Amino acid sequence: MDTDARPYVRWWWFSGPINTKDINEQLDWLQEHGFGGVELAWVYPQPESKPDEGPRFLDDAFQACIAYTQQACAQRNLGCDLTFGTLWPFCGTFIPQQYRSKRIGGFSNQTVNRSWESRYDKHEAGVLDHLDEQALRWYAQYLADHGFRRFAQQHACAFFCDSWEVDPHNLGFSGFQEQFVAQFGYAYDPHNATADQRFDYRHLISNRVLDHFYRPYSEICHQLGAASRVQCHGAPTDILAAYALSDIPESETLLFDPKFALLAASAATFHQKPMVSSESFSCIYGWVPSPASPPYLKQERVEDLRCVADAQFAWGVNRVVWHGMPSKQQSFYATVEVSPDSSLAPDFTSFNAYLQAISQVLMQGQTVSRLTILLPLEDQWMDDELPEHLRKPSSQYWWELQELDIPDELLPYRPLWFSSQWLSEVTVLDGKLWYQGCDLGVLYCPAKFLLFSTVQRLAELAELGAPLLVPTELKEPGTIKHAGYAKLAKQLSNASAKYPRPVLQSEIPLDFWCRQQDDTYHLFIAHPQMRNLRYPLAYGYASQMQPYVIQATFFSPTRSYPLQLDFPSNGSLLFAIHEGTGEVRKVELTQIHAVKAT
């Protein structure tokens, strides 16, 4: 991916024959309909596939197909990203036993039975040990030696890492108990763990995931000459810190609620990453296991997709990756289909132009935020499984962070999430908090549980005059308790900075995103009835989007701008506000993509 803001599409290559005629026809169609690139994903064979028909994963014929596709994309001014392996998680029959996933006390029995290799190899693919940097580097070297180094050197691309789908139950690594005892002073028993013991376990695993997977993964991509585009959701770690390690943090909507994208967008803001992508429109009406068909397959409505797109734009996404397009003449069962046979075929060109236009605007300048929220990760680690009514195909545990909420009263400040791992680099200057050149505004700490080291650092910042808000009484999590914790927590309870100047004050809560470039602010505001979209979306949801008029005020640091928010049915708003002249210009989005009558 590059600065071209046209949407990408995940291109599902099903294991089997590949021919250049089909590749060219599909790429021509994508170019004609406003797409900017593809993400190649090598997946399972179709039922009618024959073992000997088609290349084997990473063999010479397979590599030739990828090289041809890269060149064909370049000729059409299309990007071409590559999934770093077959299916997900990272897996393969070629992975040696010692580098396969582990549980506490032994090897995991998790395998992947629907990889590219399953067409011709009766052995199920072993899952890579994602908690062992040596295993990851062996795996990366294997892919590099089988074409991936050449692919990155010949064409600019990103290597894509999909969401974490390693079984998290009692996840472990070689030497786990020895390291756990050395760090916490007792052996961990997953079957009889208290909440504090479970916290110790999650803390250790979280750091292990960061240090042995996400950090080296980006290093490997750079060493090979590629960028890293990563979905960190589902990982048993500080997802916010993990996103910050990638070049292009990627969220997912609507299997994940639009608000979840704020994690990726926050990491991108604080670490100067211009692009926040999202695997978009996956399973918006619901998901069912294969071979069953999901609801409303090939009956998708573009006006429903616009609700999803606008909702995620208002939470910081600025690049869409459609999910997805099947390889030529293949059936695709799980999501919104991108193809000439799709019910959306008449709308792709205009809708992609709309997605491109909004994405382009939201990549300009810097994100405007005046309040930062310390991620309450410790609270999630102290809890365990989600109650049944909150579970989705994508979430089972609190620590997956899908149930994180921003209180409505904080929305006017356009808050961002902040990881406690970054606190050591925060400075205080003239009463302001700074991190990586970003003004944090007021730091809001809503957690009930915080590590001793975090409380210590917050107390130091408070002594330096940092603007902090700590509205709850803090408790120390884990089995290791510190004598000075209560005193520091009490000191912090007195931290009550004044709330900052809002970004957008309105009569009702609104989801919005704001970028500043020089003296111009671009303010995107999602239709009020696009708030709180949740999987699965009701079919025809856009019919609820009625015209809506709201009075609001946009605040720059020195001026205020009254706004009349005149939302059309199923439409959002975009304003360009020029601080130098005081001009407020409403951008007519319907000129790009007409809002359908409902």
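**Cavities.** I searched the whole structure and got four cavities of 30 Å³ or more. For me a cavity is a set of points, on a 1 Å grid over the protein atoms alone, where a 1.4 Å probe fits but cannot get out. Points are joined across faces, edges and corners, and a volume is the space filled by probe spheres set on the points. The model is predicted, so local features need pLDDT of at least 70 and side-chain atom pairs 80 or more, while totals for chains, interfaces and linings use all residues. Residues are numbered from 1 along each chain as its sequence is written, and side-chain values use heavy atoms, leaving out hydrogens and water.

The largest cavity has a volume of about 80 Å³. It has 14 lining residues (an atom within 4 Å of a point), and P89, F90, C161, D162 and S163 are the closest to its centre. I sorted the lining into nine nonpolar, three polar and two charged. My classes: Ala, Val, Leu, Ile, Met, Phe, Trp, Tyr, Cys and Pro are nonpolar, Asp, Glu, Lys and Arg are charged, and the others, Gly among them, are polar.

**Pockets.** A pocket is an open set of points with protein on both sides within 12 Å along at least five of seven lines. Of its 36 lining residues, W88, S163, E165, W287 and P393 sit closest to the centre. I count 17 nonpolar, twelve polar and seven charged in that lining.

The second largest pocket is about 580 Å³. Closest to its centre, out of 27 lining residues, are S369, R370, D439, L440 and G441. Its lining splits into 13 nonpolar, nine polar and five charged residues.

**Helices.** Next I looked up α2 (residues 60–75) and α3 (residues 133–154): their axes come within 10 Å and cross at roughly 10 degrees. Helices here are DSSP runs (H or I, at least four residues), numbered from the N terminus. Axes are lines fitted to C-alpha atoms over the stretch in contact, with angles from 0 to 180 degrees between N-to-C directions. That crossing angle makes α2 roughly parallel to α3, a label for angles under 35 degrees.

Who touches whom? Q63, I66, A67 and Q70 of α2 meet H146, G147, R150 and F151 of α3, where contact means heavy atoms within 4.5 Å. I noted three nonpolar, four polar and one charged residue in this contact.

Notes:
Helices (H or I, at least four residues) and strands (E, at least two) are DSSP runs, numbered from the N terminus. Angles under 35 degrees count as roughly parallel, over 145 as roughly antiparallel, 65 to 115 as roughly perpendicular and the rest as oblique.
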